[in-house]
Structure formats: C-alpha cells, structure tokens
Amino acid sequence: MSGSFKLPDGTLLTMGGKTGTGDNRIESFGAGGRLIGSRSLNRTATFVFFLGDNHFGTLTAFVPGRAAEAFKFTSALPVQVLKGMAPILLPYLQPGATRCARRRWWQRKTFRSPEAIRPPAPTTRLRAGVDLAGETDQR
C-alpha cells in the first residue's frame, strides 16, 4: 500500500487500517474434545481504513454458504482491492477538491465515454392500455 495514494504534488496521503479474516463454521465435538465434524457457514475478509484526515471506509469480501469451503483468501484481498482503486479515488482525496472540481471516473481517457455507459433513451412511451406494438387494449 505504501505509495499508492500520492497526490499530484508528490505528497503521500497518510493512511492506516486494520484487517480481519473470518472462516465462520460450525464444529461438532465428540468425547474427549475430539472434532467429529465441521461445516462452513461463510468466509469473510475485511479491511477498515482511513485515507488522510477526512476519508475512511470498509471493504469486505464475503462468500456465503457451503461454497465458502472452497475459498482460502485472507484479509490481503480487500487491501489489494483498495490499492487497485487508487486511480479512481485520488481525484476525490485531493485537498480543496469540491464536487464540481472532481473528475468522474467514467470521464477519464482510459474509460469509455459517458454516452457509451448511459443506457439509450426510450423510443416508445408506454401508456396504460397500449401494448409495446402500439395497439390499444380493447378489454
């Protein structure tokens, strides 16, 4: 994470956080404390963090149910996700940035244009009693 959040003037943002991993399961024990069964309920990995003086957050990876037994990730996963989000988050973290001054992530040159992201405008207005072909319902 070191150096991931660097402002345009070269200043590194102060950051910190705490990680945690949960392999949440039900275990059954027999005589003498011997483990006789174990069933996975879910698996979690969390990173709670702060970036500079004004920003904080939580990232959690979660796998529900029995499928969790097949996953072995640790809390390093959400840490790497945050590191990968640095280019998207940096415009929002700059001192003095206002909502209007921030560049939206989809307006960057590396992403598609806003027109490519927005759904197309509807071409047909729907009215009660009219089906999609424009025919009136005669009920």
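In this predicted model, Val 79 touches Met 1, Thr 19 and Phe 47, leaving aside residues up to four places away in sequence. Val 79 also belongs to the largest nonpolar core, a set of 11 residues. A second, separate core has five residues, including Ala 45, Ala 61, Ala 68 and Phe 73.

**The largest core**
- Besides Val 79, its members include Phe 5, Leu 7, Leu 13, Phe 47, Phe 49 and Leu 51.
- Strand β2 and helix α1 (76-93) each supply at least two residues of this core.
- The greatest contribution comes from α1, with five residues.

**Aromatic pairs**
- The structure holds two aromatic pairs.
- Phe 47 and Phe 49 are stacked, at 5.7 Å centre to centre and with 25° between the planes.
- Phe 47 counts as buried because its relative accessible area is 6%, under the 20% cut-off.
- Phe 49 is likewise buried, at 10% relative accessibility.
- Phe 71 and Phe 73 are edge-to-face, at 6.2 Å centre to centre and with 70° between the planes.
- Phe 71 is partly exposed, at 39%, whereas Phe 73 is buried, at 15%.
- The charged end of Arg 43 sits over the ring of Phe 73, 5.6 Å from the ring centre.

**Asn 42**
- Asn 42 lies in strand β2, which covers residues 35-51.
- Asn 42 is classed as buried because its relative accessibility is 18%, under the 20% limit.
- The side chains of Asn 42 and Asn 24 are joined by a polar contact of 2.5 Å.
- Not counting residues up to four places away in sequence, Asn 42 touches several residues, among them Gly 22, Asp 23, Phe 62 and Ala 68.

Key: Residues numbered from 1 in each chain as written. Predicted model: local features only at pLDDT ≥ 70, side-chain atom pairs only at ≥ 80, totals over all residues. Heavy atoms only, no water. Helix = DSSP H or I, 4+ residues; strand = E, 2+ residues; numbered from the N terminus. Buried < 20%, exposed > 50% of the residue type's maximum accessible area, 1.4 Å probe, protein only. Polar contact = N/O pair within 3.5 Å; in protein donor to acceptor, adjacent residues only side chain to side chain. Contact = heavy atoms within 4.5 Å. Core = buried A, V, L, I, M, F, W, Y, C linked by side-chain atoms within 4.5 Å. Phe/Tyr/Trp six-rings, centres within 6.5 Å; stacked < 30°, edge-to-face > 60°. Lys NZ or Arg CZ within 6 Å of the ring centre and 35° of its normal.
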